[in-house]
Amino acid sequence: MCRLNSIENFTALQERLIAESHPDTPTIVIPAGTCGQASGALNLVLTAQHEILSRGLQNRIRLRVTGCHGFCEMEPSVLVEPKGTFYPKVDPAGMRRIIDALLRNDVVQDLLMADGSSGRNYENLGDLPFFRYQNRLLLSQNEKIDPLEITDYVKLGGYAAFVRLLEHNAPGEIIDELKQSGLRGRGGAGFSTGMKWDFLAREKNGKGKYLVCNADEGDPGAYMDRSILEGNPHSIIEGMLIGALATGADKGILYVRTEYPLAIKHLGTALTQARKFGLLGTNILNTGISFDISLIKGAGAFVCGEETALMRSIEGRMGEPRQRPPFPVQKGISSLPTLINNVETWANIPVIFRIGAREYASTGTGDTGTKIFSLVGKIKHTGLVEVPMGTPVRELIYTIGGGPSGKVGIKAVQTGGPSGGCIPAELFDIPISYEGLSRVGSIMGSGGMIVMDENTCMIDVARYFMKFLMDESCGACYVCRKGTQRMFELLDDIAAGKGSLEHLDLLEELSLTLKDASMCGLGQTAPNPVLSTLRYFRNEYLEHIEHKRCPAGVCKELISFSINELCTGCMACVKACPEGAITGEKKQRHSIDQDLCTRCGACRSVCRFDAVDVQ
Amino acid sequence: MNPEHIEKIVQRHRGEQGALFAILEDIQNHCHYLPEDALRKVSQLTGESLVDIFGVATFYKAFSLKPRGNHHVSVCLGTACHVRSAPGLVDEFTQQLGITPGETTGDGEFTLETVNCLGACALGPIVLVDGRYFSNVKRPDVKKIISRAGAGFRESTAERAGSSFPLEVVCPHCRSALLDTQNLIEDHPAISLMASSKGTSGWVRLSSLFGSRCHESEHAFADDTQLSYSCPTCGRILTTATPCIECGFPVGSLAFSGGGSLHICSLWGCRSHRISLNGLGSPGVAHEEIVTRV
């Protein structure tokens, strides 16, 4: 039996694991989260396993397969410990060379990431600008942990904070310390986590209370929660255990969206291991305290991220939101008091109690702690970045993200998903904080940061979000169901060149109606993407309406493609055109038949010579 | 779908939080959609009204009341994929397959769907086909993806040879070799173990090629049988407390002579296996040893 029967047992195990860990042994670390696997990380794992086993290197080299490290664009990547050597975009042949070099205690220079300007190579992960300016309080744990091994987490000091609090068992002190840390909900709304816990702790009905981890990360373009769920599942479990101690909850629920199959597997494994160890379930470490967590899979509905809809979904019903009050803390799942926190919030809890609230609160300006963002879209270095609260947007985009990905400049960044807004480039000096972002018409949201450049059309973006919300509106409120549909139609008209100035007035009027009359957050915040693009990019709307022009070259009805003199006659676009609209001979400039062209852009995407213009 | 199977599924999830979701999911995994008679049966067995069940089945995108094709294409339309031209991919799939999102080809081969976000935003646009992720997909890639999926992603012999290799395992307790040179599977000595379930005990032989699922056994175990593996030499139990990542059943843990371990699922039908070279030795066994020592 694996079960630990006392607090002393746990402490002895932890000490033993740390003593036996030999951190100096050369270790190959391969991130194989969903994005790693999508870029071929499992082939590298296989190659490394084959090399180590066939050459009998088990005692000289270790292999650790982990979740995401954050620099997803460079995957499949390899990190070599203890030096911290970082190799981007490795192929199996490269993997073999890395192993050979490692045996000689050497580094493969030509596989390292090169610094474009100085010409020298970055050897260490910490030297890369992408990592150097981050403060990876949560994400750095992912490198150290094989998510399928509870012992890796325990070795890092995992569960120690919970066990220490379990020993003292002073719920009031836990909540006080949490309040001191200043932690606010990372799911978007930013409510004080300590206050929320306090509310639940005060509920006394004797019939049980629920803790829920909301892992229904539905915002398109945001995936920081997935990286924690896949890469460090025990941190969520430990966070919830501490929550149970503080609030007296006896039941826990992890609600994970079904689109994250790997996260579901890793969480399932982690829960079983924690139970086998006696850290979860009835009579934890023989202290008499019981708390267990069930894993529930979502089934693909964005609105279930809203807490009242989430609770209905957990009960196995349609995920339609309901009026608040009563708030979940008063009347939640099966009418029992329920506390819902987001994944990143839960993952912060063990860190706070490991390093202490004061130390935690010393990070960040304005708000405390760090926030993870998924920095994606038209940016050079895409991936997950974790920065202290208060970091200016500009630093994220230019210093860490490396600026624009293409030849054209960055125009705006969209934060907060479909409930958020666009921040124009001239406001990039604002600090990232809950209040800072809402002052400029956006929100912190769960942490999606989608970068847009001059080739992104803001009307298209607004229409995209409205289409999304129209499809995802549950339909319970008329204003939301019909309002999102009408707003989509208006935006669609504008994008098709059929808009008038009255369209803009109507959009603004409908925005106010949706804000005021929708029941849940989905409808109340649905106008945000439209309002913020109207506020900062009204000119683009006017171009579409008055001049029937799409300046970014995106809206199909308003653009045309032509081939310029840079064409070398390579025939690539001729082959790519699905309509047969492009004609031309080899080595002669091609031309596009405007009547046949459907403006799909296939020609532009295959052209290697910038010879396809869009007007 | 036969009624006994549905009964089994309902029974399995009885009393679970949100059991209806799990029941519908299991039925859909089995049939690739939710047939009407199955939903009626679920209503009968659970006492839930058919209206509520129909509500859930239509509210959530993961459920389908229409039969789905053999191959399932999902184009991600998350924001990051959208700004990197994912809508063009939907157009291309629509053109190539002759169906719009939500539809299935007439021959029942392909179902095309769009999904809000698969969470691999840094690599967009992303397409998910039969559980495989394709990253940075461009329009011209679509044809290739369809033809590879149609062929069931069968790899060429050369590719397979590169990704599979024989494993030499020993008993983690007595260190005696577990390879049986008398009995070959796929031209390699088989991994030979003793397996027992509910009083039935006999040998099982598994292919020693990593990734292969070939096997033979003395008794014909049903796929949902949980086996207890033991070493044919010392007789000690190899099944540990470590759960299988695919099905959650305990895994059997075998050792490599030079260190590291191979985990094989104890559920006969699962046959998932995984190599661990993280220096912990054989984790299941190691944990137990550590705990016993403390």
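Helices, of at least four residues, and strands, of at least two, are DSSP runs numbered from the N terminus. By that definition, chain A of this predicted model holds 26 helices and 19 strands.

The overall form of chain A can be described next. Its C-alpha trace extends over about 80 × 65 × 40 Å along the principal axes. A compact globule of 615 residues would have a radius of gyration near 25 Å, and the 26 Å of chain A therefore agrees with that expectation. Of these 615 residues, 57% are buried. Among the contacts in chain A with a separation of 6 or more, 70% join residues 24 or more positions apart.

Pro325(A) lies in the loop between helix H14 (307-314) and strand S10 (338-342) of chain A. Is this residue buried or exposed? Pro325(A) counts as exposed because it has 8 C-beta neighbours inside 10 Å, and a residue is exposed if that number is 12 or fewer. Along the chain, Pro325(A) and Ile352(A) are 27 residues apart, and a distance of 31 Å separates their C-alpha atoms.

Chain A also touches chain B. To this contact chain A contributes 80 residues and chain B contributes 60 residues. On the side of chain A that touches chain B, 32 residues are nonpolar, 33 are polar and 15 are charged.

Finally, the confidence of the prediction should be considered. For the complex, the predictor gives an ipTM of 0.92 and a pTM of 0.95. In chain B the average pLDDT is 89, and 91% of the residues score at least 70. Where pLDDT is low, predicted coordinates should not be read in detail.

Notes:
Residues numbered from 1 in each chain as written. Chains lettered and ligands numbered in written order. Predicted model: local features only at pLDDT ≥ 70, side-chain atom pairs only at ≥ 80, totals over all residues. Contact = placed C-beta atoms within 7 Å. Nonpolar A, V, L, I, M, F, W, Y, C, P; charged D, E, K, R; others polar. Rg over C-alpha atoms; globule rule 2.2 N^0.38 Å. Buried ≥ 20, exposed ≤ 12 C-beta atoms within 10 Å, placed from the backbone. pLDDT = per-residue confidence, 0-100.
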